[in-house]
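Thanks for coming. Please have a look at it before I start.

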Amino acid sequence: MGGEVTVFIIRRLMQSAVVVFALTLVVFFSINIIGNPVDILIDPECDQECYRKAMENFGLDRPIHEQYFVFLENAVQGDFGDSFLNKIPATELIVERLPASLELAIFAMLITLVIGIPAGMWSGLRPESPSGKLIMGGSIVGFSLPGFWVGLMLIIIFSVELDLLPSTGRGETVEVLGIRISLLTLNGLSHLVLPAITLSLYHTALIMRLTRAGVREVVLVDFIKFAHAKGLAARRVVFVHVLKNILIPVVTVLGLEFGGLLAYGVVTETIFAWPGMGKLLIDSINILDRPVVVAYVMFIVLLFITINLLVDILYSVLDPRVRIEGMGK
Amino acid sequence: MTPPPDIAVAANVFDAGEQRAEAQTPFRRFLADFTESKIAVVAFFVFVAVLLCAMFAPWISPTDPYDLSKVDIIDNRLPPGSEGIDGLTYWLGTDGAGRDMLSAILYGLRTSLFVGVTAGGIALTIGGVLGLVAAYFGGFIDTLIMRLVDFKLGFPSILIAMILLAVLGKGVDKIIISLVVVQWAYYTRTVRASALVERNREYMEAAQCLALGHFSVVFRHLLPNCLPPLIVVGTVQIASAIALEATLSFLGLGLPTTEPSLGLLIANGFDYMLSGRYWISIFPGIALLITILSINLIGDQLRDVLNPRLQK
């Protein structure tokens, strides 16, 4: 079994390497088609001579395949060039923004789990009751609501009208092991609440429905009937037998959900001016800051490949019925 | 109290009609099942109304919001219900350029629905064909297609769409391409799953025994039997395409400002919101919500009705 896992991981890593390499080609060449960043960044008064100098400075005067090889050579060492805008290495900019994005995603994930799983179980156990139906109906509204619009509405209600919570920025942060965290101060927490609610809404609705569907299937299975017949307390059956068996599908989507939270964080970060990676990406796209866009894309793809690999491994550990060699196919 | 005889008779006729209908055609039975949920019926009529509004936007809007000769800057940022300089009442207020919000929403709805439905249709066609091909031929082709699907599904839709649009730039065609790239895999997975089951049915054996060509077997015999799950996934995916387009346009990545969809209208209102001019963002958002919600509610009922596991 251990050998099989190793082979599986090695094969997946090799596939991933091919994907990442192909991606560098696609991203690098296509991003060079959409516009010349020099046009945006230089002084409009600039003459031909200073334009040429700017091109030279950014290395944009060389043939494109040469630019690519330079890019590739540096990329392997984790260097995607300096941001055109503020002359800081792009990788550094992204790493610097990572904690803020992670914090938002993790907090949103907590909300998703704490509300989604219990609500889903409740409505799964009582599908015909008014409360069960209400939860179901709520979940449809939940994933139909456009996330960015909900963010705006929350700002109108809680920041503009009620003046209860701040609508922009991250607030006070505390440094823990060199990483700034806003979860630990009351002010930071108040800045985190609205973005996290906005971000978690869609995912909460999804987890709720998934849990509910899982519960409805599991309660009909023989071993649950047997547990009841054996005279076990209803609570024990629900919290041990049912919960254990619905966790498998839930845990497997959690990895993807976390990835989704990081990705959709881009929208939330833009609305609430949350200084994370996503806001950086949108700002960089708008000013054609190529090194940052490319670095972000490569970084996020590597992150997702890692998450997907971990989820597959975790899946096989959690559910012995899933054979790891079956996953490779 | 007994009902008047004619109503009672009518009710009886109706009942009998329904019973006969159930025996008659699958479509009638489907209709009877679908209308069991009042909410789904309401959602259906709401969606038809939204669709009509979008289709006839140029004829029913009070003004043409993009005809610059008719837009008065003096009328800018008027609250809902106020009267403009030329005596026209702006029921939903005006935006920063003095455009009537109601008209802008109707036109925006048109763009949003067009993009969502077109992208959904193309993705359904491409994804569906790939799914059928994968299931029918199996082997290497199946492996290749499903690898691609798994790879695609490993990344969140918005992320792929954002990267694509960062590379492609703005435009209706470009956002449709991005949405298709994002969505085809869901259709492929769905169709393949049901086609794998259908492939081993007797009618498929019969069709193959008749020495029909691959094309005829796949599209005349296999495809119609894989349609129900495809329809369910299609409704949900069109709703999600509309939502995704709105989100991308909100971020300034999707549509150009010359063709504002609901997402772009909301984004424009974002700038005025903190100063209390809520209507520029709220009303397009409500229109978007009604559209997406009605499609999702229809899809939810379709899932129950078309699910073979729940069939009576």
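Over all chains, the structure holds six salt bridges. By salt bridge I mean a side-chain nitrogen of Lys or Arg within 4 Å of a carboxyl oxygen of Asp or Glu. Before the details, note that this is a predicted model, in which local features need pLDDT of at least 70 and side-chain atom pairs count only at pLDDT 80 or more, while totals for chains, interfaces and linings use all residues. Residues are numbered from 1 along each chain as its sequence is written, chains are lettered from A and ligands numbered from 1 in the order in which they are written, and side-chain values use heavy atoms, with hydrogens and water left out.

Take chain A to begin with. A:Lys279 and A:Asp283 form a salt bridge through their side chains, with N to O at 3.1 Å. Both residues lie in helix H11 of chain A, four residues apart, which is about one turn of the helix. Helices here are DSSP runs (H or I, at least four residues; strands are E, at least two), numbered from the N terminus. A:Asp283 counts as partly exposed, because its relative accessibility is 36%. For that scale, buried means under 20% relative accessible area, exposed means over 50%, and partly exposed is in between, using a 1.4 Å probe and protein chains only.

Now chain B. The side chains of B:Arg192 and B:Asp142 meet in a salt bridge of 2.7 Å, N to O. B:Asp142 sits in helix H6 of chain B and B:Arg192 in helix H8 (residues 172–199) of chain B, so this pair ties together parts that are 50 residues apart in sequence. Are these two residues buried or exposed? Both B:Asp142 and B:Arg192 are buried.

Another pair in chain B is B:Glu198 with B:Arg201, whose side chains form a salt bridge at 3.5 Å, N to O. B:Glu198 has a relative accessible area of 11%, so it is buried, whereas B:Arg201, at 40% relative accessibility, counts as partly exposed. There is also a network: salt bridges that share partners join A:Arg209, B:Asp300 and B:Arg303.

That brings me to the interface. Across the interface of chain A and chain B, the rule finds one salt bridge. A:Arg209 and B:Asp300 form a salt bridge, with their closest N and O atoms 2.6 Å apart. The contact (heavy atoms within 4.5 Å) takes 42 residues from chain A and 39 residues from chain B.

The size of an interface is often given as the accessible area lost when the parts come together. Between chain A and chain B the buried area is about 3,400 Å², and carbon and sulfur atoms give 79% of that. Buried area here is the accessible area (1.4 Å probe) that two parts lose on being put together, summed over both. Which residues of chain A lose the most area to chain B? They are A:Phe148, A:Trp149 and A:Leu152, together 17% of what that side buries.

One residue from helix H10 of chain A is worth a look: A:Val267. A:Val267 is buried, because its relative accessible area is 5%. Leaving out residues up to four places away in sequence, A:Val267 touches A:Phe148, B:Ile158, B:Thr247 and B:Leu251.

Next, H6(A). The expected span of a helix is 1.5 Å times one less than its number of residues. The 15 residues of H6(A) should therefore span 21 Å, and the end C-alpha atoms are 21 Å apart, which agrees. Buried residues in H6(A) include A:Gly132, A:Met136, A:Ile140 and A:Phe143. The buried residues of H6(A) pack against helix H5 (90–125) and H8 of chain A, together with helix H12 (279–306) of chain B.

Helix H5 (residues 101–137) of chain B has 37 residues and reaches 53 Å from its first C-alpha to its last, close to the 54 Å expected. Just after H5(B), B:Gly138 takes a positive phi of about 60°.

B:Lys152 is in helix H6 (residues 139–153) of chain B. B:Lys152 counts as buried because its relative accessibility is 5%. Its contacts, not counting residues up to four places away in sequence, include B:Ser157, B:Ile160, B:Trp184 and B:Tyr186.
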